[in-house]
Amino acid sequence: MDDRILPRTLKGFRDYLPQAMLVREQIMDTARRVFRSFGFSPIDTPALEYLEILLGKGGAETDKQLYRFQDHGGRDVGMRFDLTVPLARFAAQHIGELGTPFKRYHIATVWRGENTQAGRYREFMQCDFDTIGTRSTAADAETVLVAHELLRSIGFERFTIHVNNRMVLNGLLASLGLAERTTEILRAIDKLAKIGPDRVVEEMTQTAGASHEQASRVVQLVRLTGGNEAILAQLRPLLGNSPLGEEGLERLTELLSAVRAGGVPDHRIKLDVSIARGLDYYTGTVLETILDEVPDIGSVCSGGRYDNLAELYTKQQLPGIGASLGLDRLLAAMEKLGMLPETQTPAQVLLAYFDPARLGDYFQLAGALRAAGVCVEVFPEPAKLGKQLQYADRKKLRLAVIAGEREFAAGECQVKDLSTGESLTVSLADGAAELLQTVKQILGLGDANGP
RNA sequence: GUGGCUAUAGCUCAGUUGGAUAGAGCGCCAGAUUGUGGCUCUGGAGGUCAAGGGUUCGAGCCCCUUUAGCCACCCCA
């Protein structure tokens, strides 16, 4: 009888094999580099928070998706479902020693107990960056610049950052007397692209209790098309002299010109009045980034301004703006686009363990190569050379370094290029200087004198 | 969370109206080739047919439950 345990993972939770993990780490490295280049500092917070910290921050839906339980001490706790709410708590708690403005990035796992789909998991990773303690539109514009730079650095060219400002929508709703039903209205607006204007009107009248005329006014505004300038011009007369709407408009205008000045080409930034976002805490700028080739995968980098989030934890005014890069959604997109490399190991060089009596020499050579910045793997057993080369070939290593009795006797070794099959013989004299030089040159590592 | 579709070897998939030891391609391991990978040839390992229960003389196939994946709704990274 087989009473062994079935090896399996929970729905929406996944293992990451080396091939997947190498890309994940590469993207995280890229994100870190971009964040740091804009002056964002790293932080981390606990996976587990007191339930009261997390509840009611993102809306009814996120409350439902929250993983919650009692810990061994009977405390009600929850696993973070995003990195923004923990940031609000973190800022309220530490802003005194951090000072404002405070810019941080946070790359970490979050959990949501929702139903899974392609590119949607219950455990996934976000790369967040936020600026706390300023209402300046410059921070909003910089957020867009970072999003743009992130996508570019990861290797995307065809994508569009959709921006909007909730003040515009809220201003209109207030002037229409629909302020009380903002959440329902915004939710309906979000579906515009998917279900079309008629059904959006229908949903607004049914679920938000709007009149047909009110709903039509909202949809008219949200449907505006054309270039960014054209939309701005059309927007103004539709806002019914709402001061809030006016401010939103001004901020959008300022944002768009700042972003353009910052180097984002016009075709990658689009004013889209229908971008509302479901999270309750957004108050101003909102943004979503859609990959033009795989729009169905949804936004891969989104966020917005939340000027009241920390007020739940502190009296101090802590406005903030930020966005989140969805690592796992991005990977799903890259897979669809065939952008994932087949790399299965970080090793660049296989050092063949060939002569059983020479292990010490192999370790010494490997050490010298590593000190020169090369990732080297020594084959773990003195197997047949053919087998070792086959292993290196399959794992797609670039080079094999081969030294047996003959080479050692002559004070040299072979450097074999696994893609061409060509082999060079180099000297091991002077601390294997020629070997190091050759390997670095082939791998394009360059040294202090190199290009 | 609700609804629909799906689950056969590591991967992609065959498997007839329910019928005998469940197959193929690719991959993997070994040998041909004990100092040189990718090609070729030969041999081999690998499956409680997702799990559990039921109907039947007999279930990979039919029924129920569970789990997981995909799709839609919802929402979102």
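1. Phe69 touches Leu48, Arg75, Asp76, Val77 and Met79 once residues up to four places away in sequence are set aside, where contact means heavy atoms within 4.5 Å. The model is a predicted one, in which local features need pLDDT of at least 70 and side-chain atom pairs count only at pLDDT 80 or more, whereas totals for chains, interfaces and linings use all residues. Side-chain values use heavy atoms, with hydrogens and water left out, and residues are numbered from 1 along each chain as its sequence is written.

2. Phe69 is found in strand β3 (residues 68-70); strands here are DSSP runs of E of at least two residues, and helices runs of H or I of at least four, numbered from the N terminus. Phe69 is partly exposed, with a relative accessible area of 38%, on a scale where buried means under 20%, exposed over 50% and partly exposed in between (1.4 Å probe, protein chains only). The C-alpha atoms of Phe69 and Leu51 are separated by 8.6 Å, although these residues are 18 apart along the chain.

3. Strand β3 belongs to an open sheet of three strands in the order β2-β4-β3, with antiparallel pairing, two strands being paired if DSSP finds at least two bridges between them. Because β2 (48-50) and β3 each have a single partner strand and stand at the edges, one side of each is left without a neighbour in the sheet. Three bridges join β2 to β4 (residues 76-79), and Glu49 has Gly78 as its bridge partner in β4.

4. Strand β5 (residues 102-111) has 10 of its 10 residues buried, so it is largely enclosed by the rest of the structure. Both of its faces are covered, with Phe102, Arg104, His106, Ala108 and Val110 on one side and Lys103, Tyr105, Ile107, Thr109 and Trp111 on the other. β5 pairs with β6 (residues 123-132) in the antiparallel sense over 10 bridges, and with β1 (residues 41-42) in the parallel sense over two bridges.

5. The largest nonpolar core has 75 residues, and those with the most contacts inside it are Phe35, Leu151, Met204, Val218 and Leu221; such a core is a set of buried Ala, Val, Leu, Ile, Met, Phe, Trp, Tyr and Cys residues joined through side-chain atoms within 4.5 Å. Its largest share, eight residues, comes from helix α5 (residues 137-154). Apart from this core lies another, of 33 residues, among them Ala352, Leu369, Ala383 and Leu399.

Notes. Chains lettered and ligands numbered in written order.
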